[in-house]
Amino acid sequence: MVQFKILAGGYDVFIATYLFNSLTSSLTLLSKSPCGQNPSWISLNPVNSSLLYATNENAPGALQSFGINRDGTLSPPIDTVPSGGDLPAFTTALSTGDVAVMNYNTGNGRIFPTIRGSRQSKFDPDSPTITFPPPSDGVSHPHMALEYRGEVFVPDLGGDTIWRLKKDLWSSSYQIQGSIPQPKGSGPRHIAIHDNRLFTIHELSSTLSVQTIPFQPNGTSTTFASVSIIPSNSPAGAQWAAAEILIPPTTPRFPIPYIYVSNRNTANNSPQGDSIAIFEHVNKGQRNEGLKLIKQVFTGLNQIRGMEFGNVQQGGDEFLVASGVADHIFSRLIMVQFKFLAGGYDFFIATYVFNSATSSLTLTSKSPSGQNPSWISLNPTNHSLLYAVNENWYGSLQSFGINQSGSLSPAIDTVYSGGDVPAFAVALSTGSVAVMNYQSGTGRIVPTISGSSSSKFDPNSPIITFPQPSGGVSHPHMALEYQGEILVPDLGGDTIWRLKQASGSTSYQIQGSIPQPKGSGPRHIAIYNDRLFTIHELSSTLSVQTIPAQPSGSSTTFATVSIIPSNPPSGATWAAAEILIPPPTSRFPTPYIYVSNRNTANNSPQGDSIAIFEHINKGQSNEGLRLVNQVFTGLNQIRGMEFGNADQGGEEFLAASGVAGSGGVVVFRRTDGGRNLEIVARNTDVLTRTSFVWL
């Protein structure tokens with residue numbers, strides 16, 4: 001299942017949020033976020049994807065900014081400024097931090113600098129208005145702005161030209177420095193640039209042209225072709241007016257940069273609707289360079305003004321959203337790509353790209369880190385920030401920025417973990433980061449420094465020392481945040497410690513515990529539906545019990561079952577490792593429990609098993625755990641594994657690797673509703689990994 005969120009502007013008083021499910025081919029309206037009247041064109045900030053700009057296509061017009069919430073709804077307008085004229089039909093955010101808006105009806109536009117410190121959400125209201133020269137026999141109608149190599153190109157539908165604007169370094173304002181004339185009466189509406197060629201869609205002549213881009217502001221240009229985009233089988237009485245042009249970037253699955261242009265039948269609303277014409281740019285650099293029509297696709301939509309392809313990074317490049325009087329999704333070809341990060345015992349954190357259509361898994365980068373980044377954790381609110389342990393005798397915790405490609409920045413900050421061999425770290429909802437030191441029986445919950453976007457640590461946070469069991473040592477192995485507490489399973493102490501933040505302080509204290517069977521070695525835990533599930537390393541068991549009242553209430557254990565497969569390889573010695581209970585979805589409605597077994601005695605060809613359990617009969621006298629399946633993986637000593645993100649449609653897939661052997665990294669697909677797993681991709685460029693984060 002793959003889900004994508006889409007924002008849609010229009011002639012109304014709201015911006016709509018839609019959810020598209022590519023598996024069920026469903027498109028659902030999620031919300032209508034209030035805004036100014038007629039937000040007909042919207043544009044995402046290119047560096048801050050939680051910021052949206054929208055025109056108010058009125059007379060006089062306005063430009064607004066909005067924050068985008070995680071659910072796809074919008075904040076109330078952050079800022080609103082006059083657009084400088086009437087009927088602003090287009091806006092776009094520039095790489096400079098400026099925002100361009102073009103006023104169709106008054107032949108002018110403004111390019112607003114954003115105010116420093118506002119994260120590009122507030123506009124400088126004093127930016128000048130740019131007035132485009134009207135033609136001798138008509139009016140100027142600027143209809144778009146496209147940034148290219150330090151210029152802003154503005155097609156003028158009324159003036160039959162494309163204006164070239166340049167930013168003045170002294171005044172920081174934009175000025176007209178030249179133009180690229182277009183055929184008289186053609187009405188250039190929108191443009192695209194690809195491979196050093198300028199492609200123009202002409203509204204009034206319903207043509208598509210391709211030409212060179214003049215080097216000088218008013219240099220000459222060679223037009224190689226100008227072709228009609230009108231379908232040969234038009235409905236009777238149709239009158240056509242071109243609207244939009246898109247040239248989506250090439251990808252391995254879509255290697256040809258086809259050109260998609262929309263036709264609007266402005267005379268009547270026929271059942272077959274407008275067409276989208278698909279062209280190919282052919283024979284570049286040869287005498288017969290030109291444009292070849294590939295196909296005309298009738299859409300059932302009337303008067304398509306805007307359309308947009310999905311994001312390549314999210315695997316949405318096969319889908320096109322368009323609207324006339326209703327919204328539709330068109331599919332080019334199914335391709336879904338996912339990125340994930342993998343920690344391990346080395347000096348780097350690996351980035352992989354998994355393509356679910358081709359079942360390929362590719363190592364794309366190795367980002368340098370401190371030694372042994374064995375456990376990694378994503379910041380829950382800032383998904384461009386990663387935390388990693390350095391599992392050494394003098395342990396550390398590090399923070400990294402995540403680049404668009406999935407590679408990491410150099411370490412932003414490094415802080416002492418408070419002990420030896422930190423085997424686990426997790427970001428908390430409070431902004432702090434918990435790190436647990438397996439070997440020294442200690443941990444720290446490190447606040448992040450205000451103003452650092454949670455990327456820098458407070459080095460003065462206290463060390464938490466867990467009580468030593470009689471005749472043994474404490475081995476804290478995980479931290480799980482739940483209802484204001486931090487639960488820490490102690491593999492050496494056979495208990496789960498309960499930590500609580502001290503009143504008026506950022507420090508945490510032990511307030512109680514949940515005892516576990518002696519010698520069982522609780523390693524990792526999960527909570528689902530008011531039940532505590534514990535995987536015990538030393539006894540290789542899985543248990544389910546109630547969560548006692550804070551701080552040290554009593555608990556009922558309903559079941560403790562072995563996770564060891566019934567047909568183990570000869571001489572195997574088992575040690576449980578990980579437990580996952582992925583949230584149920586429409587595709588996987590049963591919350592199965594996935595636990596990993598590690599055969600620490602030998603590396604058999606069949607490898608470790610992942611045991612799949614079901615929690616049954618909750619609240620009844622026979623509440624318990626039922627084994628659903630044992631899946632042998634071909635991996636040796638699986639320490640960490642992780643399911644993909646449900647909001648990206650990745651919950652079908654599980655990434656895993658061993659700490660030993662040469663199995664590499666494997667992606668499994670859940671089948672039979674989650675009751676089974678099958679291997680769909682493997683990469684052996686790096687032979688062992690220990691933990692995963694899906695981006």
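Between domain 1 and domain 2, about 2600 Å² of area is buried, and carbon and sulfur atoms give 63% of that. Buried area here is the accessible area (1.4 Å probe) that two parts lose on being put together, summed over both. This is a predicted model, so local features need pLDDT of at least 70 and side-chain atom pairs count only at pLDDT 80 or more, while totals for chains, interfaces and linings use all residues. Residues are numbered from 1 along each chain as its sequence is written, and side-chain values use heavy atoms, with hydrogens and water left out.

So who is touching whom? Domain 1 covers 1–181 and domain 2 covers 183–331, with bounds from an automatic or database domain assignment. Their centres, taken over C-alpha atoms, sit 21 Å apart. The contact (heavy atoms within 4.5 Å) takes 31 residues from domain 1 and 34 residues from domain 2.

Now for the polar side of things. Across this interface there are 17 residue pairs in polar contact, both residues being at pLDDT 80 or more. A polar contact is a pair of N or O atoms within 3.5 Å; within protein, one must be able to donate a hydrogen and the other to accept it, and residues adjacent in sequence count only if both atoms are side-chain atoms. Strand S15 (174–181) gives the most to the side of domain 1 that touches domain 2, with four residues. Strands (E, at least two residues) are DSSP runs, numbered from the N terminus.

The interface of domain 1 and domain 2 also has two salt bridges, and the whole structure has 18. The rule asks for a side-chain nitrogen of Lys or Arg within 4 Å of a carboxyl oxygen of Asp or Glu. Here are some of them:

| Pair | N to O distance |
|---|---|
| Asp 137 and Lys 184 | 3.0 Å |
| Glu 57 and Arg 305 | 3.0 Å |
| Lys 167 and Asp 98 | 3.0 Å |
| Arg 498 and Glu 485 | 2.9 Å |

How far apart in the chain are Glu 57 and Arg 305? They are 248 residues apart, and each sits in a loop between two strands. Both Glu 57 and Arg 305 are buried, meaning under 20% relative accessible area, with exposed over 50% and partly exposed in between (1.4 Å probe, protein chains only). Arg 498 and Glu 485 are both buried as well. Lys 167, at 27%, is partly exposed, whereas Asp 98 is buried at 3%. Finally, Arg 189, Glu 203 and Arg 264 are linked in a network of salt bridges.
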